[in-house]
Amino acid sequence: MSLPSQSQGENRDATDTSKASRLAHDYAAVSSGVGVATLADRLIVRITGDDRIPFMHGMCSADIKGLATGTVAPALILTEHAHLIADFFAYAEADALLIEIDRALWPKARAHLEKFLVADDVEFEELDVIGVLDLEGPAAARALAAIAGDAMLALPPWRHVEAEDAGAGEIRCANLPRSGGPAFTVLHERSHLAALREGLRARGSAANAQPFAEITADTLDLLRVEHGLARVGIDTSEKTIALEARLDYAISFNKGCYLGQETIERATARGGLRKKLFGLRITGDILPARGSAIMLEGKEVGRLTSVVRSPRLGVIGLSILHHSAWTVGTRVTIADAGGDLSASVSELPFA
């Protein structure tokens with residue numbers, strides 16, 4: 001077995017330094033200006049048919065019947081035991097329902113939905129030609145207004161409208177804080193997204209006179225973790241109950257019957273949760289491996305599911321912890337392969 005050469009080690013160090021520098025640059029732009037990213041892992045699905053509203057109302061956690069045209073809502077697809085299958089954003093149109101979902105989660109979600117289709121007039125159309133552009137940061141609205149008009153400045157959160165961009169044509173814009181902070185989403189033909197990003201760079205950054213960056217998935221993950229947002233399939237397993245992952249914001253508690261409701265109601269009424277998502281403030285600068293055991297007094301109380309190095313907070317992570325570790329400030333040990341690390345339990349979002 002050959003050992004890495006000194007030059008290989010130096011190359012890795014240089015790569016890590018470059019990556020950290022890029023992340024710090026992107027983070028600064030998102031904190032005071034705007035960061036733009038194409039979300040290649042998102043898929044748009046158009047749901048049509050006369051029964052689309054009642055069917056999806058009964059198959060997800062959001063109040064689809066109460067979703068007015070032009071609004072957006074976060075939603076969950078659950079099993080009958082409220083275990084998580086997928087999360088998505090629902091965009092209400094006059095004659096259809098658009099859902100924006102993790103591309104990797106859609107096949108299982110679709111199979112689950114179709115299992116309950118009997119004589120319902122419901123059709124799913126995967127719009128692979130439509131791409132998703134995310135604008136993150138306090139200057140997102142002003143940057144988008146520079147190419148889509150001043151209506152963007154007055155668009156409330158969780159609303160979407162169609163707008164006209166001189167370079168890209170008709171685009172759908174939504175005030176959608178997907179990572180927890182101020183953000184806008186643009187839905188447009190995938191082949192035109194590069195031109196749309198260039199228009200934002202040329203016109204949006206000039207109009208705002210604020211920091212502008214084309215950000216990476218690492219930056220988006222950092223924002224998500226700082227805001228304490230669980231990612232389905234990363235921070236959850238097939239046995240995770242929605243409330244354990246603190247996905248309450250995607251659940252309507254007064255909508256009536258839907259698949260998984262009984263378990264949600266029981267856990268809410270009786271306070272029966274024994275596990276719940278918390279943050280971890282990890283001592284030092286080492287990033288422990290995802291999946292590392294979280295130990296308290298010699299007993300495993302959870303697994304590290306997400307971990308990032310925040311320019312503002314240091315090394316932080318997420319874990320669904322046993323109730324014995326819920327007290328904020330509790331000292332735990334992360335059993336990383338490179339050696340045990342110390343951490344403290346934090347409330348979410350991280351302050």
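## Around Trp106

Setting aside neighbours within four places in sequence, Trp106 makes contact (heavy atoms within 4.5 Å) with Leu43, Val45, Ile99, Ile101, Leu113, Phe124 and Glu126. This is a predicted model, where local features need pLDDT of at least 70, side-chain atom pairs count only at pLDDT 80 or more, and totals for chains, interfaces and linings use all residues. Residues are numbered from 1 along each chain as its sequence is written, and side-chain values use heavy atoms, with hydrogens and water left out.

Trp106 is buried, at a relative accessible area of 2%; buried means under 20%, exposed over 50% and partly exposed in between, using a 1.4 Å probe and protein chains only.

## The nonpolar cores

A nonpolar core is a set of buried Ala, Val, Leu, Ile, Met, Phe, Trp, Tyr and Cys residues joined through side-chain atoms within 4.5 Å. The largest one has 75 residues, and among these Phe88 and Trp106 touch the most other members. Strand β4 gives the most to this core, with eight residues. Helices (H or I, at least four residues) and strands (E, at least two) are DSSP runs, numbered from the N terminus.

A second, separate core holds 23 residues, including Ala139, Leu193, Leu200 and Phe212.

## Aromatic pairs

Three aromatic pairs are found in the structure. Rings of Phe, Tyr and Trp (its six-membered ring) pair if their centres lie within 6.5 Å; planes under 30 degrees apart count as stacked, over 60 as edge-to-face and the rest as tilted. One of the pairs is tilted, because the rings of Phe89 and Trp158 have centres 6.1 Å apart and planes at 45 degrees. Phe89 lies in strand β4 (residues 84–92) and Trp158 in the loop between α5 (151–154) and β8 (160–165), so this pair ties together parts 69 residues apart in sequence. Phe89 is buried at 11%, whereas Trp158 is partly exposed at 28%.

Trp106 and Phe124 also pair: their ring centres are 5.8 Å apart and their planes at 75 degrees, so this pair is edge-to-face. Trp106 is in helix α3 (residues 106–115) and Phe124 in strand β6 (residues 123–126), 18 residues apart.

## Backbone details to look for

Most residues other than glycine have a negative phi, and most peptide bonds are trans. Trp158 has a positive phi, near 65 degrees. Glu297 has a positive phi too, near 50 degrees; Glu297 lies in the loop between β13 (293–296) and β14 (299–310) and is exposed, at 79% relative accessibility.

The peptide bond from Leu348 to Pro349 is cis, with omega near -5 degrees. You will find Pro349 in the segment after β17 (339–346).
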